[in-house]
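Subject: Handing over the model

Hi there,

Here is the structure I promised to pass on to you.

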Amino acid sequence: MINLGHTDAKKLANMITEVFALGDKYGTNFLHNYAYREHFAIMQLKKIIIDIESDNKICGKDFTSKDYKNGELKSCTCKRLKSGHWSKSKIKFEFDKQTDPIRRKQTKQYDCLVFSAFDRSNIVFQAVIRKSPAIRCFKRLVNTKKKEFIKKQRAKKALGQKMNRDSIAFTYADLKDMEGVEYFINGKTVRFSTIKALFGDKT
């Protein structure tokens, strides 16, 4: 355990109190399950999907708009390498509770998905999956990942073991292979070549 000094402990307590106070003002808990990330992601998305409406509930649709009735937000944490590039291996956008058949079905029902890669409170890039080719690629990958997950789940069960994680994840390699994904930095469209450069990807 970290041994905070009195001054830093008091500073941390004051900061957390302020975060909770801000949450009370807006009717949400910013510290629950990285909720603050969703709010920052929505702020950027408003530059892309003008009429977006967000839902601050813990469960349910993350956002809707005139064109999208079931939007989903996912985020991950970026890690800076010594080279100055971001780590490709840290890009994992996870869909949890895949042991639940209903949840597995729901994963394929989104009509717009937004993946936001964070460096603390800053968004490094956003990947938007909304065009038909991108949605088709996403659903195809979900099917593949779902089959792999169920196979591993059954194997673990046969050994009397539980899955370490109940999620499937979309990685940097998945994004690279997907067709029709749109990429944004600070709400502005960029080519995937720009994203590759951030990760030092020369392939």
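A pocket is an open set of points on a 1 Å grid over the protein atoms alone, with protein on both sides within 12 Å along at least five of seven lines, whereas a cavity is a set of points where a 1.4 Å probe fits but cannot get out; lining residues have an atom within 4 Å of a point. Please keep in mind that this is a predicted model, in which local features need pLDDT of at least 70 and side-chain atom pairs count only at pLDDT 80 or more, while totals for chains, interfaces and linings use all residues. Residues are numbered from 1 along each chain as its sequence is written, and side-chain values use heavy atoms, with hydrogens and water left out.

The second largest pocket

α4 provides five residues of the lining of the second largest pocket, the largest share. β4 (92-95), α4 (132-158) and β7 (168-171) each contribute at least two residues to that lining. There are 13 lining residues in total, and F149, K152, S167, I168 and A169 are the ones nearest the centre of the pocket. By type, the lining has seven charged, four nonpolar and two polar residues. Here Ala, Val, Leu, Ile, Met, Phe, Trp, Tyr, Cys and Pro count as nonpolar, Asp, Glu, Lys and Arg as charged, and the others, Gly among them, as polar. The volume of this pocket is about 330 Å³; a volume is the space filled by probe spheres set on the grid points, which are joined across faces, edges and corners.

K156 is also in helix α4. K156 is partly exposed because its relative accessibility is 26%, on a scale where buried means under 20% relative accessible area, exposed over 50% and partly exposed in between (1.4 Å probe, protein chains only). Leaving aside residues up to four places away in sequence, K156 touches Q161, K162 and M163, where contact means heavy atoms within 4.5 Å. From K156 to F20 there are 136 residues in sequence and 41 Å in space, C-alpha to C-alpha.

The cavity

The structure has one cavity of 30 Å³ or more, and the volume of the largest cavity is about 40 Å³. Its lining is made up of E72, K74, F95, D96, Q98, R103, T107 and Y110. Four of these residues are charged, two are polar and two are nonpolar.

The fold as a whole

The protein has nine strands and six helices, and its C-alpha trace spans about 50 × 50 × 40 Å along the principal axes. Of the 203 residues, 36% are buried. Among contacts with a separation of 6 or more, 58% are between residues 24 or more positions apart.

Helix α2 (residues 35-45) has A35, R37, A41, I42, Q44 and L45 as its buried residues. The cover over them includes β1 (53-54), β2, β3, β5 (112-119) and β6 (122-129).

Y68 sits in the loop between β2 (63-64) and β3 (71-77). Is Y68 buried or exposed? Y68 counts as buried, because its relative accessibility is 13%. Beyond residues up to four places away in sequence, Y68 touches I49, D111, C112 and R130. Y68 and V124 are 56 residues apart in sequence, with 24 Å between their C-alpha atoms.

Cysteines and backbone

There are zero disulfides, a disulfide being a pair of cysteine sulfur atoms within 2.5 Å. C76 is in none, and the nearest cysteine sulfur, that of C78, is 5.2 Å away. That is too far for a bond. C76 is buried, with a relative accessible area of 4%, and C78 is buried too, at 7%.

Most residues other than glycine have a negative phi. R120, in the loop between β5 and β6, has a positive phi, near 60°. R120 counts as exposed because its relative accessibility is 72%. N186, in the loop between β8 (182-185) and β9 (188-190), also has a positive phi, near 55°.

Over to you, and happy browsing!

Best wishes

Terms used. Helix = DSSP H or I, 4+ residues; strand = E, 2+ residues; numbered from the N terminus.
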